Amino acid sequence: MPLAWTCAKILLPRLREGDMEDRTLIVAANEMLCEDAYLLEAEGEIPDFAPGQFAMLRVPLADRLLRRPLGIVQADKNAVTFLYQVKGEGTRALSRLRYGDRIDVLLPLGNGFPVFGKKVAIVGGGFGVAPLLSAARACADKGAEVRIYNGFASAEREFFSGLFSAAGKLTVCTDDGSAGFHGFPSAALEADLAEFTPEAILCCGPSPLMRAVKRLGESRGITTYLSLEQRMGCGVGACLTCTCKAGGHNKRVCKDGPVFLSTEVEP
C-alpha cells in the first residue's frame, strides 16, 4: 500500500475529529471559466490565511481517499474561492459539485508569500495565478507599487484580469500573441526592468516559467520567491510524497513550502 495512502488513512480521521482547520463547507458556485478550468466558491467559517497558502479538498468519490491540493484565490471570513483544473476522475468529480453540496476542506496549509517592499513584481502562469491574487492585493494594501505579469496559452484561456488590474499594473502575456504581450511573462518583466526595479518577485506557474524567473531575479540581485506546484498525498507533511531539494536538504512542499526562496530550490 503506498505510503501516502497509509498516512491519509491515519491522519485524515484525526483531523476531522479534532483539528479546527478541517471544515465542512457549502458549495455556493462551481463555474467553468474555460475548457478544463473551474472556479469553486464555498461558504462557511473560514480561518485567516496568508497569501500563497493552499487547501486540501476531499474528492466526492468513495474510492478516492486522498484529497486534492488547490490554491486559494480569495477568501474572507465567510467564503473561499478555489481555481482548479480538471485532469482526472477526482477533479472531474469536483466539477460536478452543485449549489448546496457539502465538501470537506482542510485549510489553510503551508507557508505563504512574504509581503514587503515598495516595488513588487508578481509573475504567474496559467493555473499558477491562483495564489498570486491575494499576494498582489496584500502588497498593494501595504502601499507597494505592484506590477503583475500573467501568462496564458491564449486569450481564450485568460482569467482574473479584472481582479488583478485592481491590485496593480497588469500585463497579460499569451503564448500565441492573441492578447497582450507575445511571449513568457518573464520576458515581459525583463523588458520593464530598465525603468522598474522591484525589491521582490513573487512567482507561481509552470516549471519553465519559474526557472526563467529564478534566473532573471538572481541575475539582477532581486529577492525572488517561488511557489512550487507538486503532487501531494496528505498535505500536512507526514507522507513525504511532495519532497523537493531545498538548500541541500529534503523539504516538504506542503509543510515547508509551497513558497521558497529561489536560491533554495530548482523548480
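Guide: Let's start at Thr174, which touches Phe152, Ala153, Ser154, Ala155, Ala179, Phe181, His182 and Gly183, leaving out residues up to four places away in sequence. Touching, or contact, means heavy atoms within 4.5 Å. Keep in mind that this is a predicted model, where local features need pLDDT of at least 70 and side-chain atom pairs count only at pLDDT 80 or more, while totals for chains, interfaces and linings use all residues. Residues are numbered from 1 along each chain as its sequence is written, and side-chain values use heavy atoms, with hydrogens and water left out.

Thr174 belongs to strand 9, residues 169-174. Strands (E, at least two residues) and helices (H or I, at least four) are DSSP runs, numbered from the N terminus. Is Thr174 buried or exposed? Its relative accessible area is 0%, so Thr174 is buried; the word means under 20% relative accessible area, with exposed being over 50% and partly exposed in between (1.4 Å probe, protein chains only). A polar atom of the Thr174 side chain also lies 3.2 Å from the backbone nitrogen of Gly177.

Rings of Phe, Tyr and Trp (its six-membered ring) pair if their centres lie within 6.5 Å; planes under 30 degrees apart count as stacked, over 60 as edge-to-face, and the rest as tilted. That rule gives five aromatic pairs. Among them, Phe152 and Phe159 sit edge-to-face, 5.2 Å centre to centre with 70 degrees between the planes. Phe159 pairs with Phe160 too: their centres are 5.2 Å apart and their planes stand at 65 degrees, so this pair is edge-to-face. Ring pairs tie Phe127, Phe152, Phe159 and Phe160 into a cluster. Phe152 and Phe159 are both buried, and Phe160 counts as buried at 10% relative accessibility.

Now hop over to strand 11, residues 200-204, where five of the five residues are buried. In a regular strand the side chains alternate between the two faces of the sheet. Here Ala200, Leu202 and Cys204 point one way, and Ile201 and Cys203 the other way. What does strand 11 pair with? Two strands pair if DSSP finds at least two bridges between them. Five bridges join strand 11 to strand 7 (residues 119-125), running parallel, and Gly124 has Cys204 as its bridge partner. Five bridges also join strand 11 to strand 12 (residues 223-227), again parallel, with Ala200 opposite Thr223. Strand 11, helix 6 (residues 207-219) and strand 12 make a right-handed β-α-β unit. Right-handed means that, with the strands pointing away from the viewer, the path from the first strand over the helix to the second runs clockwise.

Elsewhere, six strands form a closed barrel in the order 1-2-5-4-3-6, with antiparallel pairing. From one strand to the next, the twist averages 45 degrees; axes are lines fitted to C-alpha atoms, for helices over the stretch in contact, and angles run from 0 to 180 degrees between N-to-C directions. Strand 1 (residues 22-34) and strand 2 (residues 37-43) are joined by seven bridges and run antiparallel, with Ile26 opposite Glu43.

One last stop: Asp192 is in helix 5, residues 185-192. With a relative accessible area of 17%, Asp192 is buried. Setting aside neighbours within four places in sequence, Asp192 is in contact with Arg147 and Tyr149.

Methods. Polar contact = N/O pair within 3.5 Å; in protein donor to acceptor, adjacent residues only side chain to side chain.
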